[in-house]
Amino acid sequence: MGTATAHAGTHVSRRSTVLEWLTTTDHKKIGVMYMVTSFAFFMLGGILALGIRSELAVPGLQFLTQETYNQLFGMHAVMMIFLFVMPMTVGLANYIVPLQLGAADMAFPRINALSFWMLIAGAVLIVSAFAFGGSPTGWTLYVPLSANTDFTPMTGVDLLLLGLVVLGFASIFGAINFMVTIFKMRAPGMGLLRMPMFVWTTLVTSILLLFSLPVVAAGLIMIFIDRNYGGGFFDPAMGGSPILWQHVFWFFGHPEVYILILPAFGVISEVLPVFSRKPLFGYKAFIVATAAIGALGFTVWAHHMFATGMVYLPFFAFFTFLIAVPTGVKFFNWLATMWGGHLRFDTPMLFAVGFIALFLIGGLDGAFLAVVPFDFMVHETYWVISHIHYVLVAGAVFAIFAALYYWFPKIAGRRLDERLGKVQFWALFIGTNLAFFPQHLLGLDGMIRRISDYSPNAGWAQLNFLSTVGAFLIAFSVLPFLWNVFVTLRKPMEHEADPWDANTLEWATSSPPPPWNFDSLPEIHSERPLFDQKYPGVGHGPTPEPATESEGAAS
Amino acid sequence: MTANPNALEPQMSEELIDSGHDAQRGGMDPALLGMMLFIASEVMFFAALFAAYFNAAATLPVFPPEGTEEFISLFKFPFLPLIMTAVLLTSSVTMQLATNRIRQGDRTGMNRAMALTLGLGIFFLVLWATDYAILITQDDFGIDSGVYGTLFYTLTGFHGAHVLGGIVGMAVILSRGLAGQFSARHHVAVEAVHYYWHFVDVVWILLVTVIYILPHLGGGAA
């Protein structure tokens, strides 16, 4: 078994470290670069959010103009979605998926590096939009605002469009790479039904990316043509259709929601069994649920367009409700995994449990939106803002921190500090609820989104102020994490291969793993090969002595 | 397995040594699978553009606009779309020929057929540019001529760009073939480019059907 500190110091020839990182095709180094880059954008997007929340804290325009405000909320969303959550989950998958498969690298290491550097190129284009008038279009880029240069003459919009197209193709190449890696690079014995759940969610996410991103790329190019070459895709005067953009955008935009959250589901499904000392309850049901969410994700795009009056409401409402079924299966399985388990509340587990509690709220208030009459009332209000933030902050961000605390010892060879981790968790947990729960009430009271000011007589001041306090608490919660990473990296490495007593193959090699990942692999008989090896007779491994089969809690 | 000079356990099984690679597992070559998946995403890209076309066809009272059938036509001199179709269909045949040759291990035959395909591809682009020039100068039909013009140029333009991509791919294959690479066993790049070229051909057939033939069937429009 590949534990051991034997590799410490046995490095191959050392070129300049900077050059080595810039030219690397190692999936682990590329994964780390993805994570560091996307965390920088997490903080940048967070600063934009603080700008938005500060302006809204009290009625009246205090320190932003309406034009600046319009740029902030759009760029906040673009950065958080395309430059933080997506590259962060891609970075995690880059590092972890080949390890969990027992592979030496991704299927196409150079294309992997290409994807990363295309991300950087796209990010530069998007950020440079600020220098060219910005892009006051929101992340949805609705036409005619974005497609008609009478409304948005600034070059910033074009830069945003180009940046998103570049990011799109980077993600398509990444998705192809993950799919081929998963289909072709699995260790001997690892059938599809023995893959860790994080690999499964990465696979389904990649399929969603592959089929949805080209559609929005085509749409973005259509807007670009309308803006720059006199095209008429979205101009009714030329025979075009503004609603077409909404169809094209949401045909991508809804699968995108699952692109953001399925890897998070995967992380939670890795963390819960390890810290509950039980196998994942209903492994196969979980796979089916993941695939069902992916498939249904392509049938519900027009529930974002109920208010247009241009879509067949019962169809899209029905399928939207249907998605609650596989998601419910997941919730049930997570709770059943914990039920009767030997629970350990280390920081990754705290974030995972926090995810379950808060994502449920995001799921429930989303189900309300599928009720067409209710949707008509709260469309474009803070209810929607609250919903997306319960799904993406309480969902994706909690899972990302669970993943960072869980896999940090693998990546850096030492554990993050538990006390600082708990401070961060509680700050983030309280901050998230303080920031986003009041927005439900504001939405029900009719406060619409994308406005920089509201009347002092509207009665929204207290809830908005609470929400702003929560936003600053979320921002504060990042500081203990940064400090934690800083002080931990200054400590000597522990090189513990398997600090959490975990189940999957990434823990069967040294921490950090050598460039070639594995010296040897355990035999694979189930989705928990390392567990089977460590506890012969308990799991699915070959039984050395006649032993009693004891499922469930092994104390 | 690729060089692993630091491996500590020389006794590990052959099967494990192979675990980083996949060729011995059978099934499709990874690079070919990658190309198939890429083509799948390209299908979605063109599907979005076609969706925009069908959306206009379904919502506008008159589509294509009156008068455009004068010059967006298969039967208007010099019959460029027909010739382009013939050229591209022929090139698919020669591409298949090239692939069959290298599957037999006949590299010279592959080079000849690939050069022919490359020439046909370039000829297609020349005809494509000529068609554009005629439409823009004689018929005053540009990308800003209403949504129909935008759709026509975007659809055919992106197809042309994909033809160009295929030409680049064929040029790489040809230069590698002339340098003595590829054999009956090792020619995955040829297979990948040949799939891609057939895909580009299929898109063209769909384009011709949708743009030139469909409006004249059944009197659906106007």
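**Group meeting: chains A and B**

The contact between the chains takes 35 residues from chain B and 41 residues from chain A, where two residues are in contact if their C-beta atoms, placed from the backbone, lie within 7 Å. This is a predicted model, in which local features need pLDDT of at least 70, side-chain atom pairs count only at pLDDT 80 or more, and totals for chains, interfaces and linings use all residues. Residues are numbered from 1 along each chain as its sequence is written, while chains are lettered from A and ligands numbered from 1 in the order in which they are written.

Which helix of chain B gives the most to the side that touches chain A? Helix 2 of chain B does, with 16 residues. Helices here are DSSP runs (H or I, at least four residues), numbered from the N terminus. Helix 1 (14–17), helix 2 (30–59) and helix 5 (146–178) of chain B each supply at least two residues of that side.

Now helix 2 and helix 5 of chain B as a pair. They pack at an angle of about 155 degrees, with axes 10 Å apart. Axes are lines fitted to C-alpha atoms, for helices over the stretch in contact, and angles run from 0 to 180 degrees between N-to-C directions. Helix 2 and helix 5 of chain B are therefore roughly antiparallel, a label for angles over 145 degrees. Helix 2 of chain B contributes B:Leu49, B:Ala52, B:Tyr53 and B:Ala56 to their contact. From helix 5 of chain B come B:Val147, B:Leu151, B:Thr154, B:Leu155 and B:Phe158.

Last, confidence. Chain A has a mean pLDDT of 93, and 95% of its residues reach 70 or more; pLDDT is the predictor's confidence in each residue, from 0 to 100.

Key: Parallel < 35°, antiparallel > 145°, perpendicular 65-115°, else oblique.
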